Amino acid sequence: MNPSSAAGSADAVTGSVELLDLHPPAADLRAEVIAGLSREPKRLPSKLFYDQRGSELYEQITRLDEYYPTRTEIAIMRSHVGEIARRLGPDVLLVEYGSGNSEKTRILLDHLDRPAGYVPVDISREHLLAAAEALSREYPRLEIRPVCADYTQPIELPTVDGPVRRRVVYFPGSTIGNFEHPEARAFLRTLSAYCRTGDVLLLGVDLKKDPDVLEAAYNDRQGVTAEFNLNLLRRLNAELGTDFDLDRFSHRAFYDREAGRVEMHLVSQAAQAVDVRGVRFELTDGETIWTESSYKYDLDQIAALTGDAGFELERWWTDPRQWFAVTYFVVRQLAPPNRPAS
């Protein structure tokens with residue numbers, strides 16, 4: 001990948017794990033928030049969910065009865081990990097984007113033949129370090145090089161000491177659905193720039209299904225998803241000194257069938273103003289801040305999306321209800337450089 005333009009600190013060592021810290025500085029956060037609230041409709045990127053508290057709330061969401069993606073993907077991985085590992089072969093460098101607690105990664109690591117190393121990439125520094133330290137104790141012979149970064153931007157990934165026969169980019173969950181289609185194409189092209197012919201993209205994809213199932217997954221009865229959504233504002237108050245009144249916002253999530261996406265919004269419960277370090281934003285009663293899109297795909301759509309970046313769909317695995325798919329792409333032909341995303 002290309003070097004990151006985001007400022008970062010020098011490598012930090014904690015326990016047995018060396019962290020490459022490319023976390024964006026607060027000035028970047030302020031600029032991004034101002035840009036998003038200046039849009040019509042107002043928007044804040046979903047990556048801002050993931051401070052330490054947001055990461056903890058997301059882990060709670062993955063265990064909710066209504067939230068099917070995580071347990072469905074884990075079941076697929078457990079059922080087919082033997083075949084996946086055989087296809088990947090020995091001496092692979094596993095690079096995971098949005099690694100979280102690396103739960104699904106453990107399934108892979110338990111079956112890989114002599115993995116050359118593991119590079120987890122996540123925006124939540126504390127969560128990333130805790131997961132990397134836990135893995136280093138479980139897999140003491142595995143070289144682990146965590147990277148704290150906004151992976152939606154180009155970053156330069158660390159190398160490992162051992163021989164690498166193949167790079168495997170692992171992007172589990174349904175996070176590819178959080179990108180708008182042009183952004184998804186651009187991100188996939190960034191991944192392909194890191195890869196060589198024969199490398200693999202292992203991608204989790206949430207499939208299209210009954211809208212009632214989708215809406216329930218983002219409107220759980222316990223209100224954890226609502227708290228997760230509101231935590232974004234709490235984070236901005238803590239880190240930027242904004243003055244969002246959380247009691248004057250509510251959570252809303254719904255499925256837009258025509259667009260093929262679930263949308264999450266924060267709804268202003270009254271006319272109010274918010275200050276972002278000297279920049280004032282007015283919100284009307286009922287106006288929303290759009291915080292997340294989660295696109296749902298069918299296999300033809302995801303194959304077309306990734307094909308633009310030089311990835312060829314070779315195999316996929318799904319569950320009996322066909323709610324989720326783990327897809328296996330191979331780099332057959334690298335995408336031409338500097339081709340604009342469509």
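**Strand pairing and backbone geometry in the predicted model**

In this predicted model, strands β7 and β8 (residues 200-206) are paired in the parallel sense through four bridges. Within this pairing, valine 169 is set opposite leucine 201 of β8.

Strand β7 itself, which spans residues 166-171, is mostly covered, with five of its six residues buried. In general, strands of a sheet pair through backbone hydrogen bonds, in either a parallel or an antiparallel arrangement.

Antiparallel pairing occurs elsewhere in the model. Strand β10 (residues 261-268) and strand β13 (residues 288-295) run antiparallel and are joined by seven bridges. Leucine 266 has isoleucine 289, in β13, as its bridge partner. Both strands belong to an open sheet of four strands, in which the order is β3-β13-β10-β9 and the pairing is mixed. The edges of this sheet are formed by β3 and β9 (249-256), each of which pairs on one side only.

Most residues other than glycine have a negative phi, and most peptide bonds are trans. By contrast, the peptide bond between glutamate 40 and proline 41 is cis, with omega at about 0 degrees. Proline 41 lies in the loop that runs between α1 (26-37) and β3 (42-43).

Aspartate 91 has a phi of about 60 degrees and is located in the loop between α3 (69-88) and β4. For glutamine 322, phi is about 55 degrees, and this residue is placed in the loop between β14 (311-318) and β15 (324-331).

The surroundings of these two residues were also examined. The relative accessible area of aspartate 91 is 18%; because this value falls under the 20% limit, aspartate 91 is classed as buried. Glutamine 322 has a relative accessible area of 53%, which is over 50%, and glutamine 322 is therefore classed as exposed.

Notes: Residues are numbered from 1 along each chain as its sequence is written. This is a predicted model: local features need pLDDT of at least 70, side-chain atom pairs count only at pLDDT 80 or more; totals for chains, interfaces and linings use all residues. Side-chain values use heavy atoms; hydrogens and water are left out. Buried means under 20% relative accessible area, exposed over 50%, partly exposed in between (1.4 Å probe, protein chains only). Helices (H or I, at least four residues) and strands (E, at least two) are DSSP runs, numbered from the N terminus. Two strands pair if DSSP finds at least two bridges between them.
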